[in-house]
Amino acid sequence: MQSVRRTSLIAQVTEQLKEDIRSGRWPVGTRIPTEPELAELTGTGRNTLREAVQALVHAGMLERRQGSGTYVIATSEVGGTLGKYFAEAAERDVLELRHGLEATAAALAAHRRDESDIAELTHLLGERNRLWRIDRAAAIEADVQLHRAIVVASHNAVYLEFYDSLLGCIESSIRSRTNRIDSWYSAEHTELVQAITDGDAERAAKTTRCFLDSLLAEYPDR
């Protein structure tokens, strides 16, 4: 009976953590609290909490990063499965997928953004550009969150679910590219956020396509 109770408790904690992720308390790309902190928050033992976190790692919703912590990489098991698939995809293939997805999301965001969306986009753009020369890792994290915030501002839940499954490989691609090429595209990102703020869907989509075209140009034709 003790084993049954323990399994049930792990399942309850796992479901609670899932709900925290699905609700946006811990958005995709963010680090969750440490295991001791989570144990205190949930009122459970550290062993129970560790097993619950590991269950979500196996499900593809969380990822442990050595020396950094545990990060949210998907909001559902489906997103986690897609994320694992995209992690094995060619970088150019992912960029071509982003080309269509992000241009449409930017246009939708220009139509549908609200004041809180604009505030978040402006904040993340400022952080992205400010951190570039002083903390490259933090700048990349802000960059990824900026692109995600544009999809959030589209107010299309299906787009966001799908985009979240891409975030892991998008971040890896950005890290790889910035190690090879010292280009941060600050002007392009500033123009994109301004177009969305202005409600100019055509300009937002065009700016996105031009930016991603420049990234695709780094790859030779097949």
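Is Cys-169 buried or exposed? Cys-169 is buried, because its relative accessible area is 14%, and buried means under 20% relative accessible area, exposed over 50%, and partly exposed in between, with a 1.4 Å probe and protein chains only. Cys-210 counts as partly exposed because its relative accessibility is 44%.

Before going on, some ground rules. This is a predicted model, where local features need pLDDT of at least 70 and side-chain atom pairs count only at pLDDT 80 or more, while totals for chains, interfaces and linings use all residues. Residues are numbered from 1 along each chain as its sequence is written, and side-chain values use heavy atoms, with hydrogens and water left out.

Back to the cysteines. A disulfide is a covalent bond between the sulfur atoms of two cysteines. Here a disulfide is taken as a pair of cysteine sulfur atoms within 2.5 Å, and the count by that rule is zero.

Next, the cores. A nonpolar core is a set of buried Ala, Val, Leu, Ile, Met, Phe, Trp, Tyr and Cys residues joined through side-chain atoms within 4.5 Å. The largest one has 34 residues, and Leu-17, Leu-62 and Leu-166 touch the most other members. Two or more residues come from each of α1 (2-22), α2, α3 (46-58), α5 (91-112), α7 (136-153) and α8 (157-180). The names come from DSSP runs, numbered from the N terminus: helices are H or I with at least four residues, and strands are E with at least two. In this core, α8 gives the most, with seven residues. There is also a second, separate core of 18 residues, including Ala-107 and Leu-192.

What is Leu-17 in contact with, leaving aside its neighbours within four places in sequence? The list is Trp-26, Leu-38, Leu-49, Ala-52, Val-53 and Leu-56, where contact means heavy atoms within 4.5 Å.

On a 1 Å grid over the protein atoms alone, a cavity is a set of points where a 1.4 Å probe fits but cannot get out; a pocket is an open set with protein on both sides within 12 Å along at least five of seven lines; and lining residues have an atom within 4 Å of a point. Grid points are joined across faces, edges and corners, and a volume is the space filled by probe spheres set on the points.

How many cavities of 30 Å³ or more are there? There are four. The largest cavity holds about 120 Å³. It is lined by 13 residues, and Asp-143, Ile-174, Arg-177, Tyr-185 and Phe-211 are the closest to its centre. From α8 come three residues of that lining, the most of any element. The second largest cavity has about 50 Å³, and α8 again supplies the largest share of the lining, four residues.

Thr-34, Glu-35, Arg-64, Gly-69 and Thr-70 are the closest to its centre, out of 13 lining residues. At least two lining residues come from each of α2 (35-42), β1 (62-65) and β2 (69-72).

Last, the histidine. His-58 is in helix α3 and counts as exposed because its relative accessibility is 58%. Its C-alpha atom is 25 Å from that of Ile-174, which is 116 residues away along the chain.
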